[in-house]
Amino acid sequence: MTATTTWAHLPGPDPLPDAQVRERSADAPFGTVFTEHVVTLRWTPGRGWHDGTVCPHTTMTVPVALAGLHYGQVVFEGLKVYRQPDGVPAGFRVADHARRFAASARRLEIPELPGELFESAIRALLAVDGRWVPEGESRALYLRPTLYGAEATLALRPAREYAFQLLAFPTEAFFGRAVEPIHVWVPAHYSRAAPGGTGEAKCAGNYAAGFAAQREAAEHGCRQVLWLDAAEHRFVEELGGMNVFWVTEDGTLGTPPLTGTLLPGITRDSILTLASRAGLRTEQRPITLNELCSPATTEVFACGTAAVATPVGAIVSTHGRWPVGDGRAGPVTTGLREALTAIHHGQAPDPDKWLLRLA
Ligand SMILES: *Cc1c(COP(=O)(O)O)cnc(C)c1O
């Protein structure tokens, strides 16, 4: 199947009135109110990707022995579409998300979805659900492409059939519009990713494996988990489902290097690019938890598509509690967040052509 292939449209209920779309989009908790359609594809040996379909967003029927469900052969992406000042919706770094989706698929022995098909699926969804792209600062349509083993088998091997689905929902920035610093919890026991494991793939199982630590964090009044390396439990790796940055006294912006246990965030890459362009010194190097908690660290923030950039106000572990700076959002965090948000919404030049106009 090529990108120019037409998509079959399954009949569904009448479109919702515009007023109801607006009403449902307003202030819904993250990932709870979905647009009206889903785009799907199937993969079978010999035929590859085929059966491109735009269907109503309803319950799907799957085999009880669904391979992806039993053995976790599931990868996904998360990207956003922003309403531009002229009204056209634009996707952020779509080709880069498609490349990462393919890399995650390879890691789990899932056939890759070609980049053109990834983009074509997004265009097909936007063609029917474009009015769900919200207007306004920090609001966007969040796209969730997923690939999973769709064969009905419990054989312990990669599935021989796969399914792709793309769904969407309108969203505010993950932690809300206000940039309130979050407190983060350092688990004493749990790790997210080990060398040679799946830490750099966006696979569903990584999230399930983190939920116990997330509960521990909540029990200690924290919003997210600060993950340390699995081998020594000394080096800072990620922050929940986000990448982490820090600022040191001399104004240098740092982030851990991509060693294979971190997810190569597209927001991370965007922030490094924007920071260098703004003349900030940047470094990618390992940092210990001790150094992150020392007074030499003036700012810490988390970044990802869902949250954009969220300041960290304090780091908490069984050993104590360390405020970061004065506990409020620092100037570097705020500046970078605003610079990136301005590009998202078409309010600043886009020299790297990160936005893909989708109409
Ligand atoms: C998705 C994700 C990120 C952030 O990636 P973005 O491309 O910036 O959204 C960071 N860490 C983990 C574990 C992730 O799953």
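A nitrogen atom of the ligand is 3.3 Å from a polar backbone atom of G241, a polar contact being a pair of N or O atoms within 3.5 Å (within protein, one must be able to donate a hydrogen and the other to accept it, and residues adjacent in sequence count only if both atoms are side-chain atoms). The model is predicted: local features need pLDDT of at least 70, side-chain atom pairs count only at pLDDT 80 or more, and totals for chains, interfaces and linings use all residues. Residues are numbered from 1 along each chain as its sequence is written, and side-chain values use heavy atoms, with hydrogens and water left out.

**Ligand contacts and cover**

- An oxygen atom of the ligand lies 2.6 Å from a polar side-chain atom of T267.
- For R100, a polar side-chain atom lies 2.7 Å from an oxygen atom of the ligand.
- On its own the ligand has 380 Å² of accessible area, and the protein covers 96% of this (Shrake-Rupley method, 1.4 Å probe; for residues, only the protein chains shown count as cover).

**Pocket and shell**

- The ligand takes up the space of the largest pocket. A pocket is an open set of points on a 1 Å grid over the protein atoms alone, where a 1.4 Å probe fits, with protein on both sides within 12 Å along at least five of seven lines.
- Helix 3 (94-107), strand 12 (242-248) and helix 6 (266-277) are the elements that give two or more residues to the shell around the ligand. Helices (H or I, at least four residues) and strands (E, at least two) are DSSP runs, numbered from the N terminus.
- There are 15 residues around the ligand, of which K202, Y207, E238, T267 and T305 come nearest; a residue is near if one of its heavy atoms lies within 4 Å.
- The shell has 4 nonpolar, 7 polar and 4 charged residues. Asp, Glu, Lys and Arg count as charged, Ala, Val, Leu, Ile, Met, Phe, Trp, Tyr, Cys and Pro as nonpolar, and the others, Gly among them, as polar.

**Strand pairing**

- Strand 2 (residues 37-44) pairs with strand 3 (residues 48-56) in the antiparallel sense over 7 bridges; pairing requires at least two DSSP bridges.
- These two strands form a hairpin with 3 residues between them, and G46 in the turn has a positive phi of about 85°.
- Strand 2 also runs antiparallel to strand 8 (residues 162-172), joined by 5 bridges.
- V39 stands opposite V54 in strand 3 and opposite L166 in strand 8.
- Strand 16 (residues 308-317) and strand 17 (residues 320-323) are antiparallel, with 4 bridges; a hairpin joins them through 2 residues, and S317 stands opposite G320.

Terms used: On a 1 Å grid over the protein atoms alone, a cavity is a set of points where a 1.4 Å probe fits but cannot get out, and a pocket is an open set with protein on both sides within 12 Å along at least five of seven lines; lining residues have an atom within 4 Å of a point. A molecule sits in a cavity or pocket if more than half of its atoms lie within 2 Å of its grid points.
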